[in-house]
Amino acid sequence: MKIAIIGAGNLGLSIAKGILKSNGATKMYLTKRNITDIEHFEKYGNVTVTTDNKEAVKNSDILIFAVQPLHIAQLLTDLKDLLTENHVIISTITGYSIEKMENILGKDHNIIRSMPNTAISVGKSMTCICANGKGKKRIELAKAIFNRMGHSMEIPEVQMQAATVICASGIAFWMRLIRATTQGAIQLGFDAKEAQELAMHTCDGAAGLLIASGNHPEEEIDKVTTPMGCTIQGLNEMEHHGLSSSLIQGIVASFDKISEFKKDNQ
Ligand SMILES: NC(=O)C1=CN([C@@H]2O[C@H](COP(=O)(O)OP(=O)(O)OC[C@H]3O[C@@H](n4cnc5c(N)ncnc54)[C@H](OP(=O)(O)O)[C@@H]3O)[C@@H](O)[C@H]2O)C=CC1
Ligand SMILES: O=C(O)[C@@H]1CCC=N1
């Protein structure tokens, strides 16, 4: 599989690392306008770093677009004549609809809209995807690509904004919870490094338990909360201060913001 990542910034490079880690490409092109900070990726023999998007498109089968929303329309317009019906065009662009892509490229292209997160670099992304009419035949291929670097879910396009908040922004939300737990652990006497190790692995364990069991979180919480014990005391104190409510309100605020982007981009 020959893959081009057009726009090798934060997300694009995370995808590149995930692809390298999972041996997911025979050949990979990474592009951006200023390549000095990514030239070292050429140490991997199968990676070409270039400013030339056209060269990358001509030599690849799968094209992953990861530029900022403001840049995508011009980029697609510039590349339009080189895009064939065999290319699988995967967009990661927040708030940029399939309809907008089809308005530039036409309907006769395999267009996949995706929403990965930066944990793709370590093979742990939760990635949501949807496709245009023609791209539906390539959705299994797209899922296979993203499943090598985590977990994927096909969703209706109308849910893509919500998926962006929960999965892509969600990485930052969970990081903040890990940071807060780390700060609590330091206050209880662990040094900073130990505290973060405890927080990270406990977080990993909580997610792992739910993934393996399929249980509702409250079912697992019931197993931890000894009557009159310290866990329920702590949980109730957190809820008195609005833990669940503040998370939900943050998620909704993030969604409201993304809905503004959508208006701006259309
Ligand atoms: N960061 C995240 O966690 C996530 C981001 N997204 C979406 O992914 C996209 C990228 O986000 P992010 O990685 O954070 O943004 P960045 O700004 O980090 O990366 C975008 C990259 O695109 C490059 N670029 C700009 N214009 C061109 C061009 N004409 N040709 C080639 N490369 C170009 C820029 O580099 P240079 O200026 O050198 O060209 C830059 O490195 C956005 O649309 C965002 O909404 C989606 C999910 C998660
Ligand atoms: O914060 C943002 O707008 C982008 C989309 C999701 C992650 N980063």
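This is a predicted model: local features need pLDDT of at least 70, side-chain atom pairs count only at pLDDT 80 or more; totals for chains, interfaces and linings use all residues.
How many residues surround ligand 1, and which are the closest? The legends below begin with that view.

Figure 1. Residues are numbered from 1 along each chain as its sequence is written, chains are lettered from A and ligands numbered from 1 in the order in which they are written, and side-chain values use heavy atoms, with hydrogens and water left out. Ligand 1 is surrounded by 23 residues, of which L11, R33, V67, Q68 and T94 are the closest; a residue belongs to such a shell if one of its heavy atoms lies within 4 Å of the molecule. By class, the shell holds 10 nonpolar, 11 polar and two charged residues. Here Ala, Val, Leu, Ile, Met, Phe, Trp, Tyr, Cys and Pro count as nonpolar, Asp, Glu, Lys and Arg as charged, and the others, Gly among them, as polar. At least two shell residues come from each of α1 (10-21) and α3 (69-79), and α3 provides the largest share, three residues. Helices are DSSP runs (H or I, at least four residues), numbered from the N terminus.

**Figure 2. Backbone contacts of ligand 1.** Polar contacts are pairs of N or O atoms within 3.5 Å. A backbone N or O atom of R33 is 2.6 Å from an oxygen atom of ligand 1. For L11, the distance from a polar backbone atom to an oxygen atom of the ligand is 2.7 Å, and for a backbone N or O atom of N34 it is 2.9 Å. Ligand 1 taken alone exposes 880 Å², and the protein buries 80% of that; accessible areas come from the Shrake-Rupley method with a 1.4 Å probe.

**Figure 3. The surroundings of ligand 2.** T94, T164, A168, S169 and F261 surround ligand 2. On its own, ligand 2 has 240 Å² of accessible area, and the protein covers 49% of this. Helix α6 (residues 160-187) gives the most to the shell, with three residues. The shell comprises two nonpolar, three polar and no charged residues.

**Figure 4. The second largest pocket.** A pocket is an open set of points on a 1 Å grid over the protein atoms alone, where a 1.4 Å probe fits, with protein on both sides within 12 Å along at least five of seven lines; lining residues have an atom within 4 Å of a point. The second largest pocket has a volume of about 980 Å³. Its lining has 38 residues, and A66, V67, Q68, P69 and I93 are the closest to its centre. Helix α3 gives the most to this lining, with six residues. The lining divides into 16 nonpolar, 17 polar and five charged residues.

**Figure 5. The largest cavity.** In a cavity the probe fits but cannot get out. A search of the whole structure finds one cavity of 30 Å³ or more. The largest cavity has a volume of about 30 Å³ and is lined by M1, I3, I19, S22, G24, I145, R148 and M149. Five of these lining residues are nonpolar, two polar and one charged.

Notes
Grid points are joined across faces, edges and corners, and a volume is the space filled by probe spheres set on the points. A polar contact is a pair of N or O atoms within 3.5 Å; within protein, one must be able to donate a hydrogen and the other to accept it, and residues adjacent in sequence count only if both atoms are side-chain atoms.
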